[in-house]
Amino acid sequence: MMSYRLGVDVGGTFTDCLLIDEERGSAVTAKVLSTPADPSVGVLNGITLVCERAGANARDIAHVLHGTTVATNAILTGSGARVGLVTTQGYRQVLQIARSFVPGALSGWVLYNKSEPLAALECTVEVSERISATGEIVDPLDEAQARQALRSLRARQIEALTISLINAYANGTHEQRLRALAAEELPGLPVSLSSEVIPEMQEYERTITTVANSYVRPVVETYVRNIRTELAQTMRDPKLHILRSDGGLASAQAAGHYPVNLLMSGPAGGVSGAIWVAGQAGYQNLLTFDMGGTSTDVALVQEGKAQLRRETTVGDVTVRASSVDVRSVGAGGGSIAHVPELTAALRVGPHSAGADPGPACYGKGGDEPTVTDANLVLGYLPAATRLGGEMVLDLTAAEQAVGTVARGLGMSVKQAAAGIVDIVNEKMFSALRLISVQQGIDPRDYALTAFGGAGPLHANALARLLGAWPVIIPRGPGVLCAYGDATTRLRNETSRTLLRPFSQLETADVITVCDELAQAAARALDAENVPRADQTTSFEVDVRYHGQGTLLTLELGRQELQHGGLAAVGERFDRLHEQLYTFALNSGRELVNIRAVVQGTATTVTPYRAEPGDGNPARAAMGEQPVFLNNTDRPAVVYDRARLCAQDVIRGPAIVMEMDSTSLILSGHIGRVDAYGNILITPEA
Amino acid sequence: MPATIIETNPQAHTPLPRVPVDPITLDLIENGLVAAREQMDALLFRTAMSPIIRDQRDGFPVITSRDGKLLAGQFGSPVHGFTERYDGTIEEGDIFLTSDPYECDGAISHANDWLVCMPVFKNGRLINWSAMFGHMADIGGKVPGSIPTDSEQIFEEGICIPPVKIFSKGVLQEEILRVILHNCRIPEWNRGDFHSIVAACRMAASRCVEMAERFGEAVYVSALHDLLDRNRRAMQKLISETITEEKRYFEDYICDDGMGMGPYKIACSLWREGERIVFDFGDTDPQSVGAINFLLSEQMFRMFCGQFMINFFDPQILLNDGFFDLVDVRIPEGCLLKPLKPAALSSRTHALARIFDVLSGLLGQSNPDYMCAAGFSDSPHLMYSGYDKDGDWFLLFQIGFGGIPGKPGGDGPDGHSLWPKFMNVPNEFIESYFPVRIECYETIPDSGGPGLHRGGNAMNVGYRFLAPGVVSIHDDRWLTYPWGVRGGLPGGRSTKIIERTDGRRELLPSKCDRVRVEVGDKLLFKTWGGGGWGNPLERPAHTVATDVDRGLVTREGAKRYGVVLRDDLSVDEPATTVLRAELARQRGPAELFDFGGDIAELKARCKQETGFDPPQPPTFAAWVRARQGQTQVVSHVNGRQPVSASTEAEYTGGIPLPEPRAK
């Protein structure tokens, strides 16, 4: 019997599907328009098309793997659930105070208007109980008072409940008891406990993370349910998995219960796809560069593994959840350029024209100059481009918009446009430096993988700033994410806070904790019928010098522990600290958290192979276009990416167009098409 | 004798030619400096040891030009004062350390701040300086935390490091460091924090060198000049458009000196003369015989002023020294803001922060855009030290937060920091490292000044002590109010109460040392709120109702907005209309400022409202008066008495205090 695996990526414009024959590993792709009102319609259209192309029966699809931005969007648009919050007495305002932090410079407060907390203060109640830092019960839970507090939330029309008590990371019994009481007093509400979502120290971070979980939970659960229902119509009960922020896969049920782990699901799909594609091209060390309309995401990949971070930021909400360490800068195609009268400096961003009205050239009423307008004025984005396959770009509108900036700067329109591109590149360069040079990593040892709507337009210039070669431009950004979704592995992790100096820890005890955590983590995969033989377990520890606030995460081998003991781990920590921060100390090291990560097996997929060519890309040429480089207009050949063949060599300046993105190869650079259809840009020898 | 700078490049003494820099390159270099400064912060906060730097983020970076002009940073360049006084050579690989405010023109303001300065060389030529200071949790001296409230000389305030070469040609001078650390109570924190600061300076240095490499030395250095010029042009325009030639005057106060005297006046006049503005602190009180003196660096004040003004117009600008000749700052020697060595400085935090209220009060009179209420202009300290159950000595150092002022753009946040980047230390962290339980961490209803834009609420933090020890407190605004503006009312004042295990409640003065606490004692540390902005009777009634529903304002407190609420907290429209009309009549036309009464009135009500006798008028050292050309000579250390604590009247900060919650 045939069996298929389906990767689905829902983007703003397109929905991409990737169907993999599990037996042979062959893959077929399809691209259809997204249907924002009900994304599952687009998904079904994509499935129909991809099955048609593959000659497959949808009923043979056994696994559906999906990256989603529903959780992210719920936070960005403020459309999540109304959350009730239960805290320990004295801590009702934990989110209102939010660690007292005011962003910005000195006197930044004069401009700062704080946004409303994710759980409204009027929906927050206190219960009488207290647990100590070591987990002992100081004051027992006053159940009568707790019931009353919970009942008072009935009138508040809350749709989800978070329970987050002080020191619950050390002892969750009061939270568990409150969940039982809530089931009686507020029946039917989804309840999230801080001691389950993120049993780690720091009350504000644990509370906001658990509240964020409650906030997105109803919308994610509904979405997952809808998708399953739709899939059930055409398929035979496929297994649905959702891509987590950390690049692993979660079962649909786990995704619904702990959706805070999905906030970076979208970007993680891109990074996972980039890892896979670049791996095919022979590159394991990457800087990924995903430039979209409003922001740009960059990430570091070492030896084929994305760097992870114990923190996820969406909009102005930062939660403690593992995610691919994607750094975002508020710079994208829609970033608006302006020249403040006072300083006559050129500023790009942080404001963005977004998708609506969008850049001036969209002709949807925007009249402020954006990065996309600058690209159009410079000829980098040919006026003949049909964004999303249909939208015509208005060059005159772009020139007029950029003209306002040019006048402020006393420059020509093209010079001003080049300035806008330089400034936005500089911002993205800073973000790329942050994940490379600032971590003691030399970007010249890394390839730059570019995707997103605008990434391939700016990548060549950024690689020149970084010295990171080659630039790898995979085919279609949406397909890339679908590859990411389809090729990642099932994953679960469990963690525990230990908080003990190395000097007070026995290696054997640490090994025991590791084993307990591994058993707990494996259960989720057992439930997915992944045989233990196919599960791989790894461990991580968070370490710091006693007194430090920030943690460094180290991978931990059980074997390393058995042979070298904790001392070996400590030495590795010192070396990493020195690499990152230029110094190590001789003060006591402290083990804060231990995590076990259990993963299933990877899927084998045969990559797409481009038609072999003769090295001459002339067959794909569509015409010529002047591009403004180094202060002059120079002719650039415009190519159709669909007609490029393997081994084609493209000399810059050149433009390569495809349906959902455009690549720019600068003069003095060469783009080579590899066997898999990627374009690899390097400086001309 | 000024320092000798040794540059190995024979061309170094010929300045690099000033070449034209295109505006885009200029913006790129500005961005590069912004990024370097941010990365200095990031590196320090990530690696520092002491909670005060790590979480509360009391550390500040600076990048300057070759000649010490500040290019990036918020606290004024330390380089000039330091190179003037350092008597030695400055070579590539050298790094300097000082903690003596008097040796660097007040670039740092007390000896707890360790300032690291690093000259940046490229090809044997000095191109920049990077510098950073951080607040050390303890530097020895007479009290844990090294910030005595009762010191009379800086020598009582712990070890004071003159400018020394702590790295010589790249090599750490271990013995100097050993001498210094030997004088500190928690040397491992100082050592860790020191290395973090050095690492941050080195990181900035390499960013400067990289930029010079990338753009070419001449272009890079010319761009630095251009950035200075650009700031000057911008500030010139801002000054001429927003500051009038008419003389404005404003005064504010430090409530007391911790020795029973006060309040102390900080007074400033502001006017414009052509393109320059003058800040004249001539009417400020003389230096205190106690520790509330603040050595205000003119450089730093210019920076505060520029930052405050420009924030409204181009917040992305990287503010630098370029405009400094446009701002004339006059501070007489021997006054509270320019004390003479060896005057004590350890309680300088109050005047340092009160400067911001003065600035906003002055600038606001010239231009309504700048008009913010008084806010949480302080960083109150709590220090709790003792021996834990294992016999290990501990020191908890906390900075308190409070109400951000009501401002033109909206309400002031509740329980926030007026200082950039500061954060609280997580209470769970404190509870796992110190023998204390934090039983409440909340804001105080009604403590924010009512206004169209409400001032932020003060904080109430309840510390239950689990080991015997001693407590020190530094706070202010217990007597004077955080004032409101344009019809806004003042915010609530600060109080400190200790509840003993036998049920006694003791008021603590706002500045005190060595208060003994026993196991089970509880300290309620209440800070102050932000003043209100605009007429509270115009605040939408439903917004007030929401504040009440959220517990940020009480039902009774809503009446100060003229809002009457029913039992279900819905707005009683008819009653509200009547009350608002009545209050409008009573209050009459709004004054620009509402101080909650003048000093004489506040002192007259002091005992009744605060439980404390009013402080005695300050007396000043005879020589200080003489030096200032004043005829009135008052004898030294007269009338200094400890403030007597009262247990009878509950100090309410001028607002009704909620009943203590039943435990």
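Student: What should I know about the model first?
Tutor: This is a predicted model, in which local features need pLDDT of at least 70 and side-chain atom pairs count only at pLDDT 80 or more, while totals for chains, interfaces and linings use all residues. Residues are numbered from 1 along each chain as its sequence is written, and chains are lettered from A and ligands numbered from 1 in the order in which they are written.

Student: How many residues of chain A are in contact with chain B?
Tutor: The count is 54 residues of chain A, in contact with 65 residues of chain B. Contact requires C-beta atoms, placed from the backbone, within 7 Å.

Student: Which element gives the largest share of the chain A side?
Tutor: H12(A) does, with six residues. Helices here are DSSP runs of H or I with at least four residues, numbered from the N terminus.

Student: And by class, how do the residues of that side divide?
Tutor: They divide into 25 nonpolar, 20 polar and nine charged. Nonpolar covers Ala, Val, Leu, Ile, Met, Phe, Trp, Tyr, Cys and Pro; charged covers Asp, Glu, Lys and Arg; the others, Gly among them, are polar.

Student: Changing topic, at what angle do H5 and H6 of chain B pack?
Tutor: Helix H5 (residues 187-215) and helix H6 (residues 217-242) of chain B pack at about 120 degrees, with axes 6 Å apart. Axes are lines fitted to C-alpha atoms over the stretch in contact, and angles run from 0 to 180 degrees between N-to-C directions.

Student: Which residues make the contact?
Tutor: H5(B) contributes B:Met211, B:Ala212 and B:Phe215, and H6(B) contributes B:Glu217, B:Val219 and B:Tyr220.

Student: Which residues of H10 in chain B are buried?
Tutor: In helix H10 (residues 541-549) of chain B, they are B:Ala541, B:Val544, B:Ala545, B:Asp547 and B:Val548. Buried means that 20 or more other C-beta atoms lie within 10 Å of the residue's own, all placed from the backbone.

Student: Why do they line one face?
Tutor: Seen down the axis of H10(B), the buried residues fall within an arc of 160 degrees, so they line one face of the helix. The arc is taken over directions from the helix axis to the C-beta atoms.

Student: What do they pack against?
Tutor: They pack against helix H11 (555-558) and helix H12 (573-587) of chain B.

Student: What follows H10(B)?
Tutor: B:Gly551 follows, with a positive phi near 80 degrees.

Note on methods: Helix = DSSP H or I, 4+ residues; strand = E, 2+ residues; numbered from the N terminus. Contact = placed C-beta atoms within 7 Å. Buried ≥ 20, exposed ≤ 12 C-beta atoms within 10 Å, placed from the backbone.
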